Amino acid sequence: MTRKKIVAGNWKMNKNLFEGKQLVSDILESGLELRDDQEVIIAPPFTSLELAASQLKDSKNIFLAAQNCHQEASGAYTGEISAEMLKGLGVRYVILGHSERRQYFGEGDALLAQKTDIVLKNGMKVIFCCGEPLQIREAGTQNTYIQTQIEQGLFHLTEAEFKNIVIAYEPIWAIGTGLTASDEQAQEMHAHIRSLVAAKYGDAIAEATSILYGGSCKPSNAAGLFSCPDVDGGLIGGAALVAQDFVGIIKAR
Ligand code: PEP
């Protein structure tokens, strides 16, 4: 079973319209040659989605993601963006459950389950993030912590719905800190996540599910992480803001 090998760049709240346009151009002009089983995903802020969509319209394996969306279909939610609006812009994925959304915006598992539903209902896919804080890792209880996040955020889905889920394991202690999970730590957790999916949805779906690693991934450590059998690529923060670094990580995959 070949599952998709994915490198996704989460720009977070960085890059204005002009800077974002330049970054997408630099990535497109870098001479990337992607295999059929490879996908690159770019997740700019909402303000750059439309322009990025027009820049990516002829790219075969490079897709657009949004960094969030609201859980309701429409209505009086000032300042929010709906899944339908994103779909209309040509967005293919929505990142949900990023630790910054959980931490700074109080997003919990029940809300994330609702957001997952509305994204899937609109025909897009979800990159669902999970990850433990440092004290959980130090206590050695990371496996059950991640199990709860995945069960509560995703396991209400049907098999058909779950096929549209990509999971990103992002230990919080590794995000933006320069500390990376070792290849062994990443492999161990990814295998655990895959076993959870297998127990719920069966081996075939588990084998087809892409599980990405995120947390201070850079060109220098990407090849090691990506060579782990259950690591199917990366969700990249800081290094996705520099075309050369992002492309270096993609080439490691
Ligand atoms: C992230 O925030 O998803 C992330 C992985 O960030 P960084 O690569 O900067 O650690």
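**Pockets, ligand and rings**

Me: By class, which residues make up the lining of the largest pocket?
Reply: The lining of the largest pocket has seven nonpolar residues, five polar ones and three charged ones. Please note that this is a predicted model.

Me: What volume does that pocket have?
Reply: The volume of the largest pocket is about 420 Å³. It is lined by 15 residues, and those closest to its centre are Lys12, Met13, Gln67, Arg101 and Phe105.

Me: Which elements give two or more residues to that lining?
Reply: Those elements are helix H2 (46–55) and helix H4 (99–104). The largest share of the lining is three residues, and it comes from H4.

Me: And the second largest pocket, what is its volume?
Reply: The second largest pocket has a volume of about 280 Å³. There are 17 residues in its lining, and Lys4, Lys125, Lys163, Ile165 and Ala208 are the closest to its centre.

Me: How do the residues of that lining divide by class?
Reply: The lining of the second largest pocket divides into eight nonpolar, three polar and six charged residues.

Me: Changing topic: which residues come nearest to the ligand?
Reply: Lys12, His98, Glu170, Gly176 and Ser216 come nearest, out of 14 residues around the ligand. Lys12 is also among the residues closest to the centre of the largest pocket. By class, the shell around the ligand holds four nonpolar, seven polar and three charged residues.

Me: What part of Glu170 faces an oxygen atom of the ligand, and at what distance?
Reply: In Glu170, an N or O atom of the side chain is 2.7 Å from an oxygen atom of the ligand.

Me: Then what about Gly176 and Gly238: side chain or backbone?
Reply: For Gly176, a polar backbone atom is 2.7 Å from an oxygen atom of the ligand. For Gly238, a backbone N or O atom lies 2.8 Å from an oxygen atom of the ligand.

Me: How much of the ligand does the protein bury?
Reply: The ligand exposes 290 Å² when taken alone, and the protein buries 95% of that.

Me: How many cavities of 30 Å³ or more does a search of the whole structure find?
Reply: The search finds one cavity of 30 Å³ or more. The space in the largest cavity is about 30 Å³.

Me: Which residues line the largest cavity?
Reply: The lining consists of Gly97, His98, Ser99, Arg102, Cys129, Cys130, Gly131, Gln149, Glu170 and Ile172. H4 and strand E5 (125–130) are the elements that give two or more residues to it. The classes in this lining are three nonpolar, five polar and two charged residues. His98 and Glu170 from this lining are also among the residues that come nearest to the ligand.

Me: One last topic: how many aromatic pairs does the structure hold?
Reply: The structure holds four aromatic pairs. One of them joins Phe162 and Tyr201.

Me: Why does the pair of Phe162 and Tyr201 count as stacked?
Reply: The centres of the two rings are 4.4 Å apart and their planes are at 20°, so the pair is stacked. Planes under 30 degrees apart count as stacked.

Me: Where do Phe162 and Tyr201 lie, and what does the pair tie together?
Reply: Phe162 lies in helix H8 (residues 159–162) and Tyr201 in helix H9 (residues 183–201), so the pair ties together parts that are 39 residues apart in sequence.

Technical notes:
Residues are numbered from 1 along each chain as its sequence is written. This is a predicted model: local features need pLDDT of at least 70, side-chain atom pairs count only at pLDDT 80 or more; totals for chains, interfaces and linings use all residues. Side-chain values use heavy atoms; hydrogens and water are left out. On a 1 Å grid over the protein atoms alone, a cavity is a set of points where a 1.4 Å probe fits but cannot get out, and a pocket is an open set with protein on both sides within 12 Å along at least five of seven lines; lining residues have an atom within 4 Å of a point. Grid points are joined across faces, edges and corners, and a volume is the space filled by probe spheres set on the points. Helices (H or I, at least four residues) and strands (E, at least two) are DSSP runs, numbered from the N terminus. Ala, Val, Leu, Ile, Met, Phe, Trp, Tyr, Cys and Pro count as nonpolar, Asp, Glu, Lys and Arg as charged, and the others, Gly among them, as polar. A residue is near a molecule or strand if one of its heavy atoms lies within 4 Å of it. A polar contact is a pair of N or O atoms within 3.5 Å; within protein, one must be able to donate a hydrogen and the other to accept it, and residues adjacent in sequence count only if both atoms are side-chain atoms. Accessible areas come from the Shrake-Rupley method with a 1.4 Å probe; for residues, only the protein chains shown count as cover. Rings of Phe, Tyr and Trp (its six-membered ring) pair if their centres lie within 6.5 Å; planes under 30 degrees apart count as stacked, over 60 as edge-to-face and the rest as tilted.
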